[in-house]
Amino acid sequence: MTRTELTLVVLLVASVLAMAARAQAPLSYAKDVEPIIVKACSECHGGDSPKKGLDLSGGKGFEHLVGVKGQEVPEMLLVKAGDPAGSYLWLKVTHTATQGKGMPRTLFGAKKLPQTELDVIQNWIIQGANP
Ligand code: HEC
């Protein structure tokens with residue numbers, strides 16, 4: 001093997017390892033989920049009087065969601081780490097809540113979040129709802 005070939009192999013291995021490391025990093029609220037939530041939710045869940053007292057504006061959402069009991073269905077957590085089906089937020093955004101209220105019709109009656117964004121939220125919860 002020439003020196004150039006060796007350098008190429010080393011570079012290739014390094015970039016494959018870097019990609020694998022990135023793929024394995026668990027999803028984070030701040031990096032992956034918050035941009036979706038702020039865009040879709042903070043219009044109502046933000047400002048001076050957030051709906052249902054649930055403030056999901058930038059920097060506020062995580063502490064109000066993860067491990068916190070909801071008001072509409074008090075026996076459920078809003079986000080239960082590792083368990084989307086046990087997270088009221090997940091039932092809300094997928095319109096599968098059988099108790100409590102659905103999302104306001106104007107926003108979610110006809111359209112849900114795009115599937116790619118739902119996937120991010122679901123995987124984030126499954127991976128442990130990390131900050
Ligand atoms: C158009 C205004 C509006 C938007 C946008 C909105 N919500 Fe809500 N949300 C409400 C209202 C009003 C309530 C109170 C009950 C109801 O009518 O559903 C509520 C209640 C909730 C609750 C229940 C809180 C509790 O303690 O029981 C959760 C969770 C929630 N919303 C999450 C979200 C998420 C996540 C988004 C974005 C994907 C979002 N909401 C977007 C208006 C909104």
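1. Residues 24 or more positions apart supply 50% of the protein's contacts that have a separation of 6 or more. Two residues are in contact here if their C-beta atoms, placed from the backbone, lie within 7 Å. A word on the ground rules: this is a predicted model, in which local features need pLDDT of at least 70, side-chain atom pairs count only at pLDDT 80 or more, and totals for chains, interfaces and linings use all residues. Residues are numbered from 1 along each chain as its sequence is written.

2. On confidence, the mean pLDDT of the protein is 88, and 90% of its residues reach 70 or more; pLDDT is the predictor's confidence in each residue, from 0 to 100. Please keep an eye on H5, where confidence is lowest at a mean of 49, while H3 has the highest at 97.

3. Now the overall layout. The protein has six helices and zero strands, in the order α-α-α-α-α-α along the sequence. With a radius of gyration of 19 Å, well over the 14 Å that the globule rule gives for 131 residues, the protein is more spread out than a compact globule. The radius is taken over C-alpha atoms, and the rule is 2.2 Å times the number of residues to the power 0.38. The C-alpha trace spans about 65 × 30 × 25 Å along its principal axes. Helices (H or I, at least four residues) and strands (E, at least two) are DSSP runs, numbered from the N terminus.

4. How much of the protein is buried? Of its 131 residues, 21% count as such. The label buried goes to a residue with 20 or more other C-beta atoms within 10 Å of its own, exposed to one with 12 or fewer, and partly exposed to those in between, with C-beta atoms placed from the backbone.

5. The largest nonpolar core has 20 residues, and Leu65, Leu78, Val79, Leu89, Trp90, Ile121 and Ile125 touch the most other members. Helices H2, H3 (61-65), H4 and H6 (115-126) each supply at least two of its residues, and H4 gives the most, with five. Such a core is a set of buried Ala, Val, Leu, Ile, Met, Phe, Trp, Tyr and Cys residues joined through C-beta atoms within 7 Å. Leaving out residues up to four places away in sequence, Leu65 touches Leu78, Val79 and Leu89.

6. The ligand deserves a look too. It is surrounded by 22 residues, of which the closest are Cys41, Cys44, Gly70, Glu72 and Lys101. Helices H2 (29-41), H4 (88-93) and H5 (105-109) are the elements that give two or more residues to this shell, with H4 giving the most, at four. The shell divides into 12 nonpolar, four polar and six charged residues. In this grouping Ala, Val, Leu, Ile, Met, Phe, Trp, Tyr, Cys and Pro count as nonpolar, Asp, Glu, Lys and Arg as charged, and the others, Gly among them, as polar.

7. Two backbone angles are worth checking. Most residues other than glycine have a negative phi. Lys52, in the loop between H2 and H3, has a positive phi near 60 degrees. Lys52 is exposed, since 11 other C-beta atoms lie within 10 Å. Ala129, in the segment after H6, also has a positive phi, near 50 degrees. Ala129 counts as buried because it has 26 C-beta neighbours inside 10 Å.

8. Pro131 lies in the segment after H6 and counts as exposed because it has 11 C-beta neighbours inside 10 Å. Apart from neighbours within four places in sequence, Pro131 is in contact with Ser28, Tyr29, Ala30 and Phe62. Pro131 and Gly46 are 85 residues apart in sequence and 19 Å apart in space, C-alpha to C-alpha.

9. Leu91 sits in helix H4 and is buried, with 20 other C-beta atoms within 10 Å. Setting aside neighbours within four places in sequence, Leu91 is in contact with Thr96 and Ala97. Leu91 and Leu78 are 13 residues apart in sequence and 9.3 Å apart in space, C-alpha to C-alpha.

10. Last, Val68 lies in the loop between H3 and H4. Val68 is partly exposed, with 16 other C-beta atoms within 10 Å. Not counting residues up to four places away in sequence, Val68 touches Leu77 and Leu78.

Methods:
Near = placed C-beta within 6 Å.
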